[in-house]
Amino acid sequence: MKAIAVTPKQTNSIRLVEMDTPKVSDVPDGLGVLVEVLRVGACGTDREINNGEYGVAPDGFDFLVLGHENFGRVAEVGANVRDLKPGDYVVATVRRPRGSSIYDKIGEQDFTTDNVYFERGISRLHGYMAEFYAESTNFLVKIPPAIAEIAVLLEPLSIVEKGLKQASDIQERLKIWQPKTAAVLGVGNVGLLTVMALRMRGYEVHGFGLDKPEGFMNAELCHAIGATYDSTAGTSIAASTEKYGQYDLIFECTGYSPIIFDAMQSLNENGILVLASVTGGTRKTDQVPSDLINQMFVLGNRAMVGTVNAARENFEAGVKDLALCEAMYAGWLRRMLTHKIEGLENYGQAFDILNNSAKYKAIKTYFEVAKI
Ligand SMILES: [Zn+2]
């Protein structure tokens with residue numbers, strides 16, 4: 001079968017490789033499922049791995065098959081698989097509990113304290129930019145046919161779902177928390193999914209990005225789902241509270257770390273700030289009003305939490321939000337799927353879009369590997 005691979009830590013090594021098709025029997029205990037990949041999303045993580053920034057090949061290989069945002073159809077199941085049958089649609093989770101930390105041992109590998117990760121398409125395990133993959137049924141989430149067209153958005157949404165679950169778990173410290181307003185910093189792919197997930201929870205949502213709203217499709221999508229959009233080119237998040245009030249929840253996914261200090265000053269009493277950007281650079285920031293921020297967090301019982309990766313339950317919550325969004329705002333999620341690449345062999349096109357996403361106005365670029 002065909003797959004898209006890179007040589008990790010080597011710049012622009014992306015290429016098509018030919019591999020043996022995996023087998024159900026590759027997975028022990030009769031729990032294997034062979035999945036035909038239908039669609040696979042491409043994102044900044046794939047771009048950064050192809051840039052040589054990170055990524056690790058599996059043991060015994062000098063290349064890594066890319067791809068973590070997946071959607072497929074069950075082709076064959078092992079003898080002990082009860083919950084899936086051929087023809088079912090599935091999305092696979094990404095991180096596997098192969099580490100040595102207590103969190104890996106209890107199946108909470110998204111909270112691993114190891115810094116060696118086992119993630120399909122990212123680190124030590126081949127990904128989903130292939131025609132087939134085999135996986136244990138334990139790591140597959142069943143997808144209702146009604147959301148098949150948009151289910152390739154589930155993996156990025158799972159990151160959002162985990163962040164929001166962390167926020168609500170932490171807020172159980174309050175006997176009553178009835179959040180009303182939220183700000184989402186960054187309205188790219190993950191930001192728009194956050195706007196959606198918060199709208200599904202009934203929040204008044206305010207999206208923020210660098211771009212001017214005129215002709216900006218992401219801003220249009222905010223409006224179409226009942227959220228506002230403002231450009232931070234002219235105003236800070238803290239200044240926006242004069243218009244919208246302080247926010248009960250802020251979700252940060254811009255990749256621009258200085259903005260978190262602005263966000264910290266924009267939280268309501270008892271509010272929570274969720275940080276979801278991975279900022280691997282060395283940026284430093286000064287002019288932080290540290291007395292004010294500290295005072296606000298102490299006297300206002302504010303909280304801040306970082307979040308990464310996702311557990312199976314977060315994928316399952318995402319399935320429900322995708323279905324609810326389709327029911328409430330039919331077609332909205334499909335508008336996020338801006339760039340379809342037909343066939344794995346056209347990876348050059350996909351990475352050109354990823355490398356120039358502003359030029360292409362891309363929200364989500366994905367491969368159609370086979371027809372739904
Ligand atoms: Zn991704």
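Where is N309 placed? N309 lies in the loop between β16 (303–306) and α9 (312–328). The views below come from a predicted model, in which local features need pLDDT of at least 70, side-chain atom pairs count only at pLDDT 80 or more, and totals for chains, interfaces and linings use all residues. Residues are numbered from 1 along each chain as its sequence is written.

**View 1. The whole protein has 12 helices and 18 strands.** Both kinds of element are DSSP runs, numbered from the N terminus: helices are H or I with at least four residues, strands are E with at least two. The radius of gyration is 21 Å, close to the 21 Å that the globule rule gives for 372 residues, so the protein is as compact as a globular protein of that length. That radius is taken over C-alpha atoms, and the rule is 2.2 Å times the number of residues to the power 0.38. The C-alpha trace spans about 60 × 45 × 45 Å along its principal axes. Of the 372 residues, 44% are buried. Buried stands for 20 or more other C-beta atoms within 10 Å of a residue's own, exposed for 12 or fewer, and partly exposed for values in between, with C-beta atoms placed from the backbone. Among contacts between residues at least 6 apart in sequence, 70% join residues at least 24 apart. A contact needs the two C-beta atoms, placed from the backbone, to lie within 7 Å.

**View 2. E155 sits in helix α3 (residues 154–170).** E155 has 26 other C-beta atoms within 10 Å, so this residue is buried. Residues up to four places away in sequence aside, E155 touches G41, H68, E69, N70, V91 and V94. F71 is 84 residues from E155 in sequence, yet their C-alpha atoms are 9.0 Å apart in space.

**View 3. α3 packs against helix α4 (residues 189–200).** The angle is about 55°, and the axes are 9 Å apart. Axes are lines fitted to C-alpha atoms, for helices over the stretch in contact; angles run from 0 to 180 degrees between N-to-C directions. α3 and α4 are therefore oblique to each other. Angles under 35 degrees count as roughly parallel, over 145 as roughly antiparallel, 65 to 115 as roughly perpendicular and the rest as oblique. α3 passes α4 in a right-handed crossing. Right-handed describes a near helix turned clockwise from the far one by less than a right angle, left-handed one turned anticlockwise. From α3 come P156, L157, I159, V160, E161 and L164, which meet N189, V190, L193, T194 and A197 of α4. By class, this contact has 8 nonpolar, 2 polar and 1 charged residues. Nonpolar covers Ala, Val, Leu, Ile, Met, Phe, Trp, Tyr, Cys and Pro; charged covers Asp, Glu, Lys and Arg; polar covers the others, Gly among them.

**View 4. α3 also packs against α9.** Their axes are 8 Å apart, at an angle of about 105°. That makes α3 roughly perpendicular to α9. On the α3 side, L154, L157, S158, E161, K162 and K165 make the contact; on the α9 side, N314, F315, A317, G318, V319, D321 and L322 do. These residues divide into 6 nonpolar, 3 polar and 4 charged.

**View 5. α4 and α9 pack with their axes 10 Å apart.** The angle between them is about 80°. α4 is thus roughly perpendicular to α9. M196, A197 and M200 of α4 meet D321, L324 and C325 of α9. The contact holds 5 nonpolar residues, no polar ones and 1 charged.

**View 6. N309 has a positive phi of about 60° although it is not a glycine.** N309 counts as partly exposed because it has 17 C-beta neighbours inside 10 Å.

**View 7. Q287 is in the loop between β15 (267–275) and α8 (290–299).** Q287 is not a glycine, yet has a positive phi of about 60°. With 6 other C-beta atoms within 10 Å, Q287 is exposed.

**View 8. E345 lies in the loop between β17 (339–342) and α11 (347–355).** E345 counts as exposed, with 12 C-beta neighbours inside 10 Å. Neighbours within four places in sequence aside, E345 is in contact with K2 and L16. I122 is 223 residues away along the chain, and the C-alpha atoms of E345 and I122 are separated by 20 Å.
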